[in-house]
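Here are a few friendly notes to read alongside the model. Take them one at a time, with the picture open beside you.

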Number of protein chains: 4
Amino acid sequence: GDLQSLSDYERRAERHMPPETWHHIQAGAGAGTSLAANRMQFDRYRLVPRMLTDMQGATTGMELFGLRHAAPILLAPVAYHRLAHPQGELATASAATALDTTMVVSTLSSIPLEDIAQAARAAAVELGRTAPPPLWFQLYVQPDRAYTAELIHRAEAAGYQVLVFTVDASVKRSDFTLPPDVDAANLRGMPRLSQNASAAGGQIVFGTPLLDAAPTWESLAWLRTATKLPIVVKGLLSPHDAKRAVEHGADGIIVSNHGGRVLDGLIPPLDALPAMVEAVEDRIPLLLDSGVRHGTDVLKALALGARAVLIGRPQVHALAVAGMQGVAHMLHILRAELELAMVQTGCARPAAIQRHHLADGS
Amino acid sequence: GDLQSLSDYERRAERHMPPETWHHIQAGAGAGTSLAANRMQFDRYRLVPRMLTDMQGATTGMELFGLRHAAPILLAPVAYHRLAHPQGELATASAATALDTTMVVSTLSSIPLEDIAQAARAAAVELGRTAPPPLWFQLYVQPDRAYTAELIHRAEAAGYQVLVFTVDASVKRSDFTLPPDVDAANLRGMPRLSQNASAAGGQIVFGTPLLDAAPTWESLAWLRTATKLPIVVKGLLSPHDAKRAVEHGADGIIVSNHGGRVLDGLIPPLDALPAMVEAVEDRIPLLLDSGVRHGTDVLKALALGARAVLIGRPQVHALAVAGMQGVAHMLHILRAELELAMVQTGCARPAAIQRHHLADGS
Amino acid sequence: GDLQSLSDYERRAERHMPPETWHHIQAGAGAGTSLAANRMQFDRYRLVPRMLTDMQGATTGMELFGLRHAAPILLAPVAYHRLAHPQGELATASAATALDTTMVVSTLSSIPLEDIAQAARAAAVELGRTAPPPLWFQLYVQPDRAYTAELIHRAEAAGYQVLVFTVDASVKRSDFTLPPDVDAANLRGMPRLSQNASAAGGQIVFGTPLLDAAPTWESLAWLRTATKLPIVVKGLLSPHDAKRAVEHGADGIIVSNHGGRVLDGLIPPLDALPAMVEAVEDRIPLLLDSGVRHGTDVLKALALGARAVLIGRPQVHALAVAGMQGVAHMLHILRAELELAMVQTGCARPAAIQRHHLADGS
Amino acid sequence: GDLQSLSDYERRAERHMPPETWHHIQAGAGAGTSLAANRMQFDRYRLVPRMLTDMQGATTGMELFGLRHAAPILLAPVAYHRLAHPQGELATASAATALDTTMVVSTLSSIPLEDIAQAARAAAVELGRTAPPPLWFQLYVQPDRAYTAELIHRAEAAGYQVLVFTVDASVKRSDFTLPPDVDAANLRGMPRLSQNASAAGGQIVFGTPLLDAAPTWESLAWLRTATKLPIVVKGLLSPHDAKRAVEHGADGIIVSNHGGRVLDGLIPPLDALPAMVEAVEDRIPLLLDSGVRHGTDVLKALALGARAVLIGRPQVHALAVAGMQGVAHMLHILRAELELAMVQTGCARPAAIQRHHLADGS
Ligand SMILES: Cc1cc2nc3c(=O)[nH]c(=O)nc-3n(C[C@H](O)[C@H](O)[C@H](O)COP(=O)(O)O)c2cc1C
Ligand SMILES: Cc1cc2nc3c(=O)[nH]c(=O)nc-3n(C[C@H](O)[C@H](O)[C@H](O)COP(=O)(O)O)c2cc1C
Ligand SMILES: Cc1cc2nc3c(=O)[nH]c(=O)nc-3n(C[C@H](O)[C@H](O)[C@H](O)COP(=O)(O)O)c2cc1C
Ligand SMILES: Cc1cc2nc3c(=O)[nH]c(=O)nc-3n(C[C@H](O)[C@H](O)[C@H](O)COP(=O)(O)O)c2cc1C
């Protein structure tokens, strides 16, 4: 009844988590200006509708990397779903399958990646479908390259069809401690670097093992040789980096400031998008996340050149409030909102959404 | 005494309605950013007055579609006036007649359109006038074309002189249920489409009967053949659509985002107006609604190229607070404010209001 | 002790007046957007200082209409000072004399204009000065031209040296009723027009006697013949009107929106100023009022081309809080603030204040 | 634990001081618009990161006036540290030494400048370092030139290596009275000018002895002859003054509005910076203070052309909360934040921080 928008889920979710977990999931870095800017970036634009369009045969369906996706909305990689609900990623994967939505599974999932893929397939069978929607796997490059390679091969073997290489969160400050029943299920047994190692030469962050293990362009070059899957680089915000990613063989980019979680003051993705679109010249698709909460946000991102968007926190909110059904309902709301927005603007398919559908707000 | 502005009526009205009705009337779609923008669009402009003008013989009178209107202010079509007052549209029509103001009667009126026209004529007689001001009828195209044609002929027969074709509200989400004593009086007996029919092919809104019955440009072409009355298309916001409307034989356009009620994020009409004025090149008049609350708002809309404005919610507020007399008083306030604004800016007639009377605010 | 700025006086003054009087003095017209804009217009600009300037011999003194003024700050005409303090304009005139500040006496003063001039001379004598600062008289043109002429001659005879012709407040709505012990002392015996006379032809304001008696450009032409005093037109905001004023023989203009009291939404004077400066091409001086509260506001107005500013409400606040001494102290604060601002920006005289001392804020 | 940012220290500090002291330290001049603008100036810019950069050998180290500084962050001159903590500047100097940070000691220090230098050296010895970081001395030119010369020679003799000549605070209003146990330790025995001396010729500030003793460009010329130390002029905000400073032989400039403490409405330094950078054409380095609170603020200032920044109030906050350790911790936080920001933007040294790392916010 009264859960009619993603914000309704957000408001409700707080009661379903311990305060530290809630803060860990919600908070932005530093003073939170990027977090706020992520929402404001969408409000800057107004929709200019085209009315009286014939919408016979309208669809939200689209293709990415040769794979059919039911809508230009994906679930962003989010660590540790079991923080929000005991069934964790299993519930999310089932809900995503029910709504024909691609889930990007995190390296830091709290359920082994193989089990998540299996849950998606099982849900598809139950719904009488031949297959679940494409599954993507998000990779945090690990200090040990052999270990990283093994992780990639596990994902390939489990049927993941796209690899998301996250590059913006290698050095990140956090006080949050995982509860005892939640862990990084995919990384069990892997030795991890301490974030508290002291630095050399009077510097504080520079020179720490953590920073030394951070990915570089060379890591992308290596990754290109380590897999045949399409590689999507997640976390770029400059046209310069977009060009370099193309040069290094990336198949796509997720324009993202990590939901405002890493460095406060980062440009919001929607502001960064146009210059990046220009830089890549249609050679590879650009996706976008950070702050997407309404169907009209999706439409605005597409009008500015994104091919699809991802949503992060809303999956956690819905999962905390109502588990699998919560995520399914949340996705249903967002999809319905997108279709309504497309109707009102006369767009019968995602590619019909163009810059002329937007005006700069005052 | 203390009811001196339209906002005073708005503040007061809440007490006169059940909360759900109040919410139904007031609320904007989604997060309400368009609703807020509808007010802010007016505050963006500042008035640049011309002082010491001779105002002998000044008038607010003007012509639209060959019909004399006492002022460039009309009552926008608003469904179900009986939600606000037991006399509903009868009270509104009498008040409008008293203030020589055109009322646009909604397809969804809670009193039959014939009775409303009759109430207007009766009020004119009582005031010793030869005729009431011109009455306009707002049309929602119905799924059944024959039924729609019949509705038009009823309006013509009852003396309505202009037809307003609303195109922006065919697919709209609402939880509001009419109370038992209020109904769509004009549509009694007409089978209506369920808004909950399930869609085909995994889509949610696309492919529903509701959407399939939505009007298209073809509907306008048909309408042009179905009546001789001037047709005003209500709910356009882009220059592209303005041009198409002209091509399809429309006689006027109401630039409107439906008071922010349909899709959140739509451009406010005042922002859309200049490009539309340019697009139609004076071939047909543009009217504007959404957010008009002050005499200076009217002046600003006219300075930017509108020929007249319509007010929606304020009629409901005044009706709820004080019935017929409330609406008459509210119209008196707004008309007095417009005249004062014209005095201060030295405009002796509506056509004298020009772009140079405005400056962009900071 | 704790009265250190004009805002301190404003905050304090409320306690010293009945609520209706306070509201009458403070309120802006309509929704109060112009009132707020009058303050924001100053905050839009930032000061760009020039440091290390030699300030030997610095002065705030300047000339207007051949008359020496101690600072580019005048007291704006404000009706009925006895609303704030039993001594009314007598107290204000004495304080103004003490601080060597020109007072513009209103047609609607609550003390006869002759007595006010006398109070100023008496204060000068008491301070051992040869003469008080120049006194100006503000004229509201009265419906009866002979009566108006008589008023002018009374002002000339009483020693007023400049005539301010206010043109922006002829038709103004107000509910405020004067208390029994306060009246328009200069207009005793003059028949006044009712503001409630009904209008002709279905209009509300248009065609009323009040509007018919409002001044026009012809009134200014007549005034030019009726006096030899310099005439300053108060209440213009457009370059068009500025040019016409010059053509009609005005000696100066006060760029003003009447403190936001007449029509809500009027452009703030500082926004209007640059185009008006350009329009008059230095032929006559432009003064400015509405919202001036700080020494830096004075500096900003001068940097944008005003030759002096006037302050309205602050005199009423200071008068209500502490009578004559309040006004003197308030003027002292403002003058000290102006001098400090001139020191910090390296301006040793008013004419040194230039556009390059300002930057547009963000 | 819960002191993780400079704002945390600020919030906490209030409890550690009497209200008048707190107000004296925190308050901005006048209405406080400059104080607020000092923070907003940073929020106007968004960071455009460059990811996947190799950060091997990264450093914050840089050179100024031939002296090695560990990071582009200095402690701004702040009077009377003993207001915040009984150990005053001794504690600050020790903490600065521990974090290898340059302290600019104020003329108005509450500990003699010689003792502060001694404390810094002692701390270096204790830490096993050969020398403390460079110490700078801030000069307020005194009415008596011989006395000023003596002050300079004391600073030189005590080992200070750079002279900061503050030019923006000679005439400043303040009600604050020092508590009995705090005084201007360096100026003991020097006769000071009363701020209450009355002015000549009807002016209030102009013509007072205080203003007559204020520094001028001639003072800088004299200073240039009086010392061989590099001279940094503190408190300029216009390109015009920047050029004059270069012409008068200044070795550097601190672009500053004195933390919004002197004249309300002054342009925030970041807004002033680009034009000044252009004016000096790389002939001398520009530093910046006022409002710096985050590592990203440092990065933004450097991207816009500053070579280093100074922080004022945060040292007082940290000193009040936790003495020497507080200041050391606060500096550690800021340095860590800067390094993290450099990592995220791919800048391996201060000089790598460029304009392309910023985008204007909306
Ligand atoms: C609790 C949480 C955990 C996240 N974990 C990951 C992760 O493991 N890998 C990753 O690439 N991004 C991660 N992200 C970032 C998301 O993929 C996404 O970029 C971000 O949440 C989008 O912003 P939104 O939350 O405003 O939709 C995480 C975000 C949140 C809120
Ligand atoms: C309660 C309500 C009912 C409405 N019903 C109709 C309607 O039946 N037909 C129509 O064309 N517009 C309808 N509208 C839209 C109005 O005609 C108009 O576009 C809008 O109210 C203008 O904005 P305002 O309320 O800010 O003045 C309705 C608006 C409200 C508030
Ligand atoms: C209570 C009050 C009475 C006023 N009476 C007059 C008046 O009699 N004649 C006139 O020209 N302006 C009158 N004004 C306008 C002032 O001259 C001036 O334009 C305005 O107050 C300036 O704005 P400020 O109050 O923000 O300084 C009055 C203003 C106030 C607040
Ligand atoms: C309490 C206090 C005392 C100050 N004393 C001096 C001083 O003695 N000499 C000086 O040049 N600047 C002085 N300043 C100004 C600082 O050097 C610096 O310009 C300012 O604090 C920077 O702004 P911030 O506080 O926002 O970082 C003082 C500032 C404060 C807050």
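1. Helices (H or I, at least four residues) and strands (E, at least two) are DSSP runs, numbered from the N terminus. An axis is a line fitted to C-alpha atoms, for helices over the stretch in contact, and angles run from 0 to 180 degrees between N-to-C directions. This is a predicted model, where local features need pLDDT of at least 70, side-chain atom pairs count only at pLDDT 80 or more, and totals for chains, interfaces and linings use all residues. Residues are numbered from 1 along each chain as its sequence is written, chains are lettered from A in the order in which they are written, and side-chain values use heavy atoms, without hydrogens and water.

2. Look at chain D: the axes of helix α3 (residues 33–43) and helix α10 (residues 269–280) come within 8 Å and cross at roughly 60°. The two helices α3(D) and α10(D) are therefore oblique to each other (angles under 35 degrees are roughly parallel, over 145 roughly antiparallel, 65 to 115 roughly perpendicular, and the rest oblique).

3. Which residues of α3(D) and α10(D) meet? On α3(D) they are D:N38, D:Q41 and D:F42, and on α10(D) they are D:P269, D:L270 and D:D271. Contact here means heavy atoms within 4.5 Å.

4. Now for chain A, which has 12 helices and 12 strands. Its C-alpha trace spans about 65 × 45 × 40 Å along the principal axes.

5. How do the chains sit relative to one another? Chain A and chain C do not touch, and their nearest C-alpha atoms are 14 Å apart. Likewise, no contact joins chain B and chain D, where the closest C-alpha atoms lie 14 Å apart.
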